[in-house]
Structures are given as C-alpha cells and as structure tokens.
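User: I'd like to go through the wording used for this model and check each label against its cut-off. Can you take me through it?

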Amino acid sequence: MQVVRKRKKSFSQKNLRKASGGLRGKILLDALFVPENESGYQGTHIFHPYPGRFHHRLASVILDQAMPEARSLLDPFMGGGTSLIEGQLRGLDVRGNDLNPISPLIVEQKLRVISEEECEHYAERLEDLAESVRSLRLQKIHQEHSRFLATYYPPHTFAEMLCWSHTIRRQEKGPWRDFLRALFSAGAVKFSQLRDDKKAQVKRPRGAFSRFMEEKGKQLLEAQLEQGEEVPEETVSPSLTCGDVLDLDLSQDPVDLILTSPPYPGTYDYSKHHELRMRWLNLPMADMEKKEWGSRRNEGLKGWQRSFQKVLQAMAKQISESGRIYMVIGDWVDGETRIDALAYLRKVAPKAGLSVSSFASVERENFYGPHRKAYETEGKWEHLIELQRA
Ligand SMILES: C[S@@+](CC[C@H](N)C(=O)[O-])C[C@H]1O[C@@H](n2cnc3c(N)ncnc32)[C@H](O)[C@@H]1O
C-alpha cells in the first residue's frame, strides 16, 4: 500500500559521495536521501526529540519500494519509533523494543490512534489541568531528585515544572497519565539550561511551561487523530517492550521485516540526553548506564562486537524464510583506524547465517574532533544494508 502524504517536500543532495550495489541498491540509495527542508506534514514523527533518529522518509522508501509485501515489522532498537510509525501507517503488525524507558513512553503516543471524541475530551481535560496547576501552592510539593533538577532551570521555570510534575503524578495510572508524562518529557530538556546547548539560554517568561504543555498537547492530539485516520482499520495493536536487546524474546512469530539502526561503537550516549527526563519522571536509569550499546561511556569494542554478533544471530532466526533485515549503520573508529561498517557486516553476517544482498552508502560529515584524523582519507560513511538468510 502506498501512503499518500498531505504535502510535498523538496529534496536535494549536494556534494556527497555515494555508492550502491545489489538488486535493491538504488532504492536503498534513494532511502538515504535526506530532505533539505522539513516544511511538509510529518504526523507524530516530530513529537519529542530523540537522538540518532533516522529520517522517516528512509522507512517509507523501504516499505513502499523495497518491501511492499511485508506484513510485519520489528525494530529491536526503536528509539523514537520512526520505522514503527511508517509500518503502522501501512497496516503492518509492528513490534518495537528499546532499552531506554523514554522510548516506549513516547512511541506509544506516536502510535496511538484516537477518535475525534477522545481528541476533544483530552483537549478539555488538558485545559482544566492547566487551570488547576496554576492554582497550586509550591511549598506542598515533594519531587525526587529536586536538588539535581533545580540546577538546570531558572527558578520560575523550575517552580512551574514542579507543579506540573506533582499534578501528573497524582493522576490515575493509565493512558491519560501516560499522555501527560510523554508531554512533560518533551519539554524537560527544551526548558533546561544545559551548559552545552546555546539555544537553551533563551529566557522564558513565567507561564511558558504551562503554555507549552497545552500547545504541545493539542498538537499531539491533532497529529494522533490525523495520522490515525490513515491507519488501516484491521491493523493489529503495536507491541512495545522496554529492555536489553539481548534479553528480547525473539522466538515469537517470525517477522517479514526488521528495520533498525543499532547503536555502533563510540557514537551515542543516550542516557546523557535523557537524564533530565528520566529523573523528572523517576524512571530507572541503571540499565541505560550498564547496558547501553555503543556509548563512549560504556566503550568496549570487543563487548559490542560480541553483542552485535548475538543479535545478528537472533535476528536471522526472527525473520521469515523470505524476510529481510534493513540496517542503518555508520563507520566507526577503533583506536586510530576507521572501520568500514559495510565491510564489517560482510565479514560477520555469514557467521549468523546471513548475507549482505544490497547496500547503499553515503558520505556524512564527521563532527567528532578526535576522529578527524581517522576519517581524513576515506571519509565517514553511513550505510543502509540489506541482509537476507544465506
Ligand atoms: C540509533 S537509535 C535508534 C533510533 C531509531 N531508529 C529512530 O529512528 O528513532 C539506537 C537505540 O538503541 C537503543 N539501545 C542502546 N542499547 C540498547 C540495548 N542494549 N538494548 C536495546 N536497545 C538499546 C538506544 O536507547 C537507542 O534508542
């Protein structure tokens, strides 16, 4: 099924070296194309920032052109849920997992299909809640980690956020509270004064956080409603889990398609990005600290390679006979040496019973100073790799 988007976007791709190979190489190359401006309709994709998110166009090109026959999709590192949203829009049975508890919290909202009545009801409840937050008296509020959190916000913003956090905690557990928690999470970093983020130094007037909660909430509801109308009626409810990919039960029904971007060595450090959110929402951080793949903090190339091999094996068992895996992965640096991720996959995939059947690679800019030398000659590349059972 081809999903028609509401407005057209313009694309351009300048000064990039690129390469592709295999039956679907050209399609994969097209999928790696990043739109230059983002003025078009993007549904719930734009709700809540998430580091390392791939562009939703990548997922839509794979689903429409490389694998239109797919009926089920798994993303074991779902992050912001890009592949799941596009899968759900096409009526696929979508399953997602992530170690970071922020991920299922927000992906649930991004996949939520609501009726017009629910949309109106939630919008009214949000207005009432904002009203009751404004009348709260601060001295009664207890917040876990408040000393730590207070250092990141101007006092008036912190006070307002405390009132919201307190009010949300007192809501009954369930979809309404989950909706509010996801909204709060979307504002937690935006309103902070993280030292390394110049944009965050913007002075925000009193009442700005409440306005954010109301406006963002209404935007999300509209996006849920509009997007939900495109989801085919018989689509099964998404299944989302939170945990280490190595503990994932991959022995359930096989899927036609795995579309994912695993963290690769030294690239990301998600718990840093999400620490404020997790502390406000009192979410467990221990797993992220110990088990997050690829972070500079947990670096250990050998450990990553072992885990990656195990996951490749598990994924090979999880796809149906004619199923395929599409993986976005970039080059990385080992010591002083650039590791070509495509060459690496070609080497390790056969040990998991898989083979690289198509690929596309695009050169990307390296922003990490200490790796400049390693990428000087060959450049840093991002790859979209198709794997099939060997
Ligand atoms: C590159 S991001 C995925 C982004 C996603 N494709 C998107 O478009 O939003 C990689 C994800 O892997 C997750 N992750 C890291 N270590 C993990 C582990 N051991 N088990 C499961 N997920 C893990 C991170 O929390 C992060 O969300």
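This is a predicted model: local features need pLDDT of at least 70, side-chain atom pairs count only at pLDDT 80 or more; totals for chains, interfaces and linings use all residues.

User: What makes His48 count as buried?

Analyst: A residue is buried if 20 or more other C-beta atoms lie within 10 Å of its own, exposed if 12 or fewer, and partly exposed in between, with C-beta atoms placed from the backbone. His48 has 26 C-beta neighbours inside 10 Å, so it counts as buried. It sits in the loop between α1 (25–31) and α2 (56–66).

User: What is the phi of His48?

Analyst: Phi of His48 is near 75°, a positive value in a residue other than glycine. Asn282 also has a positive phi, about 55°, and is not a glycine either.

User: Is Asn282 buried or exposed, and how do you know?

Analyst: Asn282 has 12 C-beta neighbours inside 10 Å, so it counts as exposed. Its place is the loop between α10 (270–280) and α11 (286–291).

User: And why is Phe33 called partly exposed?

Analyst: Phe33 has 18 other C-beta atoms within 10 Å, so the in-between label applies. Phe33 is in the loop between α1 and α2, and its C-alpha is 8.0 Å from that of Arg57, 24 residues apart along the chain.

User: How do you know that Ala390 is partly exposed?

Analyst: Ala390 counts 13 C-beta neighbours inside 10 Å, so it is partly exposed. It belongs to the segment after β10 (380–389). Leaving out residues up to four places away in sequence, Ala390 touches Pro350, Gly353, Leu354 and Ser355; contact here means C-beta atoms, placed from the backbone, within 7 Å.

User: Why is α4 described as largely enclosed?

Analyst: In helix α4 (residues 102–111), 9 of the 10 residues are buried, so the rest of the structure largely encloses it. Among the buried ones are Ile102, Pro104, Leu105 and Lys110.

User: What makes α2 mostly covered, and what covers it?

Analyst: Of the 11 residues of α2, 9 are buried, including His56, Arg57 and Leu58. The cover over those buried residues includes α1, α3 (82–89), β5 (255–260) and β6 (319–330).

User: Why are α3 and α4 called roughly parallel?

Analyst: Two packed helices are described by the angle between their axes and the distance between the axes. Axes are lines fitted to C-alpha atoms, for helices over the stretch in contact, and angles run from 0 to 180 degrees between N-to-C directions. Angles under 35 degrees count as roughly parallel, over 145 as roughly antiparallel, 65 to 115 as roughly perpendicular and the rest as oblique. α3 and α4 pack at about 20° with axes 10 Å apart, and are therefore roughly parallel. Leu84, Ile85 and Gln88 in α3 meet Val107, Lys110 and Leu111 in α4.

User: How do you know that α5 and α9 are roughly antiparallel?

Analyst: The axes of helix α5 (residues 116–134) and helix α9 (residues 208–228) come within 10 Å and cross at roughly 175°. The pair is therefore roughly antiparallel. Its contact includes Tyr122 and Leu126 of α5 and Met213 and Leu221 of α9.

User: What makes α4 roughly perpendicular to α8?

Analyst: The axes of α4 and helix α8 (residues 175–188) come within 9 Å and cross at roughly 115°. That angle makes the two roughly perpendicular. Contact residues include Ile102 and Leu105 of α4 with Phe179 and Ala182 of α8.

User: Where do the domain bounds come from, and how many residues touch between the domains?

Analyst: The bounds come from an automatic or database domain assignment, which gives domain 1 (18–99 + 236–268 + 284–389) and domain 2 (116–228). Their C-alpha centres lie 32 Å apart, and 4 residues of domain 1 are in contact with 8 residues of domain 2.

Methods: Residues are numbered from 1 along each chain as its sequence is written. Helices (H or I, at least four residues) and strands (E, at least two) are DSSP runs, numbered from the N terminus. Two residues are in contact if their C-beta atoms, placed from the backbone, lie within 7 Å.
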